[in-house]
Amino acid sequence: MGLLKRNPFGHILFIKKWLIRIFGVLTHRRYHGFNELYIEGSEIIKALPDKNVLFISNHQTYFADVVAMFHVFNASLSGRQDNIKNVGYLWQPKMNIYYVAASETMKAGLLPRILAYVGAISVERTWRAGGKDVTEKREVNPNDSENIRIALEDGWVITFPQGTTKSFKPVRKGTAHIIKQYKPVVVPIVIDGFRRSFDKKGLRLKKKNILQSFIIKEPLEIDYENETIDQIVEKVAYAIEQHPSFLNVIPAEEIEEQERLNTLRQWQVDYSSKSKTN
């Protein structure tokens with residue numbers, strides 16, 4: 001790799017690689033040490049094509065979710081099975097991973113600006129400004145969609161279809177338009193425990209010994225030509241377990257604490273631990 005080789009957005013890959021390495025080492029113990037990250041489905045990551053893959057996920061913090069994905073993706077590609085042991089997998093990280101993030105979030109301080117260099121596709125949110133919802137939605141910036149297209153053509157893109165860290169908010173139709181227009185492989189991810197582990201920004205460790213889970217699901221089967229936007233929206237909501245129907249199966253106290261599915265998944269962790277011991 002030439003020292004000045006750049007990606008389609010003009011970022012120097014040598015600098016990006018070292019940022020991934022440095023931040024990866026600094027954050028590793030947040031998921032493997034202070035807390036343990038339970039991973040399921042890493043074999044799915046290894047089987048994906050190198051380009052035109054769209055990851056859809058629920059959202060719990062601004063940055064910790066994305067950082068965990070960089071860890072899990074690179075660990076999986078390096079042959080680790082559902083674990084992120086030994087941070088050496090970041091020595092040769094996958095360089096064409098991008099994530100969609102709100103412009104105002106990525107401009108809020110020096111650290112977010114540095115993290116943006118790692119792979120942020122900054123977009124203007126039409127329904128929110130200055131940290132508050134707006135009654136009059138702004139026009140969609142066509143450059144945002146174009147940048148996502150460029151990123152998909154170059155590699156993998158992570159997006160959070162709800163556009164917020166609040167649970168069970170509606171999936172934005174923009175994600176469905178992207179899916180229908182660019183026809184990527186769509187891989188759902190469901191995360192949990194991050195909201196309790198970190199502050200809202202995902203920069204400060206708030207609590208230790210929290211169960212964090214990272215479930216990778218099989219790619220969605222989508223009829224790009226015939227399914228409507230609303231049908232894709234509903235399919236996405238179900239896939240990331242944010243459809244309103246999930247409210248009917250989660251205990252009320254768990255909803256109040258915003259600890260979705262921790263109780264339901266605890267048995268998986270216990271079973272996995274026993275299997276590895278035997």
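# Pairs, cores and a patch

User: Which residue forms a salt bridge with Lys-217?
Analyst: This is a predicted model, with residues numbered from 1 along each chain as its sequence is written. Local features need pLDDT of at least 70, side-chain atom pairs count only at pLDDT 80 or more, totals for chains, interfaces and linings use all residues, and side-chain values use heavy atoms, leaving out hydrogens and water. A salt bridge puts a side-chain nitrogen of Lys or Arg within 4 Å of a carboxyl oxygen of Asp or Glu. For Lys-217, the closest N and O atoms are 3.0 Å apart, and the partner is Glu-241.

User: How many residues apart are Lys-217 and Glu-241?
Analyst: Helices (H or I, at least four residues) and strands (E, at least two) are DSSP runs, numbered from the N terminus. Lys-217 sits in the loop between β9 and α9. Glu-241 sits in the loop between α9 and α10 (252–256), so the pair links distant parts of the chain, residues apart: 24.

User: Does Glu-241 count as buried or exposed?
Analyst: Buried means under 20% relative accessible area, exposed over 50%, and partly exposed in between (1.4 Å probe, protein chains only). Glu-241 has 12% relative accessibility, so Glu-241 counts as buried.

User: Which residues touch the most other members of the largest nonpolar core?
Analyst: A nonpolar core is a set of buried Ala, Val, Leu, Ile, Met, Phe, Trp, Tyr and Cys residues joined through side-chain atoms within 4.5 Å. In general, nonpolar side chains tend to be buried together in soluble globular proteins. The largest core here has 43 residues, and those touching the most other members are Phe-55, Phe-73, Tyr-99 and Phe-214.

User: Which helix gives the most to this core?
Analyst: The top contributor spans residues 64–77. With eight residues in the core, the helix is α3.

User: What arc do the buried residues of α7 cover?
Analyst: In helix α7 (residues 173–182), the buried residues are Thr-175, Ala-176, Ile-178, Ile-179 and Tyr-182. The arc is that of the directions from the helix axis to the C-beta atoms. These residues lie on the same side of α7 because their arc is only 160°.

User: What is the area of the nonpolar surface patch that includes Leu-26?
Analyst: Patches use residues with over 30% relative accessible area and no salt bridge, joining like charges within 9 Å and nonpolar side chains (Val, Leu, Ile, Met, Phe, Trp, Tyr) within 5 Å. Accessible areas come from the Shrake-Rupley method with a 1.4 Å probe; for residues, only the protein chains shown count as cover. Leu-26 has 62% relative accessibility, so Leu-26 counts as exposed. With Leu-3, Leu-4, Phe-14, Ile-15, Trp-18, Ile-22 and Trp-91, Leu-26 makes a patch of about 850 Å².
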